[in-house]
Amino acid sequence: MCWPRHADSMTVGEGSYSLLRTHHALRITFYFWYTFPMSTPFNWQAITDEAVRYLRDMLRIDTTNPPGNELAAAEYLAGVLRTEGYDPIMLEAAPQRGNLVTRLKGDGSLPPLLLYTHLDVVPAEPEHWTHPPFAGEIADGFVWGRGALDMKNVAAMQLMIMLLLKRHNVTLHRDVIFAATADEEIDSDVGADWLVTHHPDLVRAEYGLSEMGGHTLYLEGKKFYPVMTAEKGTCWLKIRARGKPGHGSVPHADHAVLHLVHAIDRVMSHALPLHLTATASTYVQRLARSVGGATGLLFSAVLNPLLHDAALKALPDRSLADALHAIFHNTVSPNQLRAGYKANVIPSEAEAILDGRMLPGFNVESFLAEVRPRLGEGIEITIEHTSPPLEVSSETPLFKLIEQQIARSDPGAIAVPYMMAGATDAKLFAKLGTQCYGFAPLKLQPDTPFDGLVHGHDERVGLEAFAFGVQVLYNTVCDFCGQR
Ligand SMILES: [Zn+2]
């Protein structure tokens, strides 16, 4: 049995929210009373409090990568799971690089669902933070800390879902697997990549749910929940130009730095070709249809090759325009430069690292076929790192269920498939045939800060947003895997 079936009563009116903003202590109490009536068999306030405690404990474990030291966080999760009757498997791919996998068995009639999370975080600069990044403090309705959004919040949610499924003896048709891994923020070599290579049977699943999707997007008064169904691949290139060395007092045209700068200018000054992939097109079509009006027409124009560039230029929100550009084009970004060693010496070579990102449907060869002619003759290219792009269908029973859950939990809101320009561990689990969605629900208020907090200063997650996530994710997992 999956209680509560759906969060039908899960609405917090704008009026009540702003009214209660003025009295923080009352706000949380009222919110839960309003959201989860006493008749529900779950005490969601207690469940959220418990999940928040796990989140805060994990934020206090510094898993900055490098060096990672994820073992302490994995051991923490293992401790909680063991007290509830789980027998988690701990796997150390390298000293202190802990990974954890545990499984709740179903009746085997359907293949497993994987909930996966990474335990490492990117570095923080404490001097720029309002609250210390590794203290797990609560202030102003938020839990603060490095990893509060990326992605110890998801680890805490998924842990809570595992505990609830077991506590309530939910009858499952699918095994539910929970995997908490190391090293996602660098290259997953001692995390998901290692796990998929060395212990595939532990994590093989039909579907996977994880980070980078399910957060409220407000557009023209409409609410959307983009769910990640695709991500771009990476192709980091080192490019090198050579020239004639000499004395800095007599500059000449065969200058390595000039050759490099011109190559970068050629590749950056005009966008690489437009590609209308299924995910990006569906995403924009649905936005266009829902918002309607002039903005809807502008979104529709983004999908017209003749109008695409002009439509992006006309979008008033430049961040949105940049984000859309990134999911319709292969891109490169010259993020590192190196040349010369002395002010009066013309160097014989100059190098740059281009962060290349390729769309679904591309591989290194086809990506380079677009980039190389722009760089021009005489530029040497070395591939530094590459990972494949990924695209999963949104025409699946799980995606349909996610759409229903969002519609029920946040009336008026629409779940839409979208492509992430960055990369996650989804592509690694996809090697085992798993269809991964970025769905870690957070109900954000229109004024909630979000963009820039992931990997930025003052990373924090709203308590209300988090409470929503725990419940929606539980209902999704329960409805997808449990007794109907
Ligand atoms: Zn992440």
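Which residues of α13 are buried? I will come to that in a moment, after the ground rules.

This is a predicted model, in which local features need pLDDT of at least 70, side-chain atom pairs count only at pLDDT 80 or more, and totals for chains, interfaces and linings use all residues. Residues are numbered from 1 along each chain as its sequence is written.

First, the overall picture. The protein has 16 helices and 19 strands; these are DSSP runs, H or I of at least four residues for helices and E of at least two for strands, numbered from the N terminus. Its radius of gyration is 24 Å, close to the 23 Å that the globule rule gives for 484 residues, so the protein is as compact as a globular protein of that length. That radius is taken over C-alpha atoms, and the rule is 2.2 Å times the number of residues to the power 0.38. Along the principal axes, the C-alpha trace spans about 85 × 55 × 45 Å.

Of the 484 residues, 45% count as buried. Buried means that 20 or more other C-beta atoms lie within 10 Å of the residue's own, exposed means 12 or fewer, and partly exposed is in between, with C-beta atoms placed from the backbone. As for contacts, 77% of those between residues at least 6 apart in sequence join residues at least 24 apart. Two residues are in contact if their C-beta atoms, placed from the backbone, lie within 7 Å.

Now back to helix α13, residues 364-375. Its buried residues are Phe367, Val371 and Leu375. Seen down the helix axis, they fall within an arc of 60 degrees, so they line one face of α13. The arc is that of the directions from the helix axis to the C-beta atoms. An α-helix has 3.6 residues a turn, so residues three or four places apart point the same way. On the other side of α13, Glu365, Ser366, Ala369 and Pro373 are exposed.

The length of α13 can be checked too: its 12 residues should span 16 Å at 1.5 Å a residue, and the end C-alpha atoms are 16 Å apart, which agrees. The expected span is 1.5 Å times one less than the number of residues. Just after the helix, glycine 376 takes a positive phi of about 95 degrees.

What covers the buried residues of α13? The cover includes β10 (233-242), α8 (256-269), β12 (331-339) and β14 (349-358). Three of those names return in the next item.

That item is an open sheet of 4 strands, in the order β12-β14-β10-β15, with antiparallel pairing. Strands pair if DSSP finds at least two bridges between them. β12 and β15 (380-387) stand at the edges with a single partner strand each, so one side of each has no neighbour in the sheet. On average, neighbouring strands here are turned by 20 degrees against each other, direction ignored. Between β10 and β14 there are 10 bridges, in the antiparallel sense, and arginine 240 stands opposite glutamate 351 in β14.

Next, helix α14, residues 397-409. Here Leu398, Phe399, Ile402, Gln405, Ile406 and Ser409 are buried. They cover an arc of only 115 degrees around the axis, which puts them on the same side of α14. The face turned away from that side carries the exposed residues Pro397 and Lys400. The buried residues of α14 pack against β7 (207-210), β9 (222-231), β17 (414-420), β18 (435-438) and α16 (463-481).

β5 (residues 142-144) is joined to β19 by 3 bridges, and tryptophan 144 has arginine 460 of β19 as its bridge partner.

Two residues of α16 to finish. Cysteine 481 is found in this helix and is buried, with 23 other C-beta atoms within 10 Å. Leaving aside neighbours within four places in sequence, cysteine 481 is in contact with Gly106, Leu113, Leu172, His173, Arg174 and Val176. Proline 111 is 370 residues away along the chain from cysteine 481, with the C-alpha atoms separated by 9.3 Å.

Alanine 467, also in α16, counts as buried with 25 C-beta neighbours inside 10 Å. Alanine 467 and alanine 430 are 37 residues apart in sequence, and their C-alpha atoms are 29 Å apart in space.

Note on methods
Axes fitted to C-alpha atoms, helices over the stretch in contact; angles between N-to-C directions.
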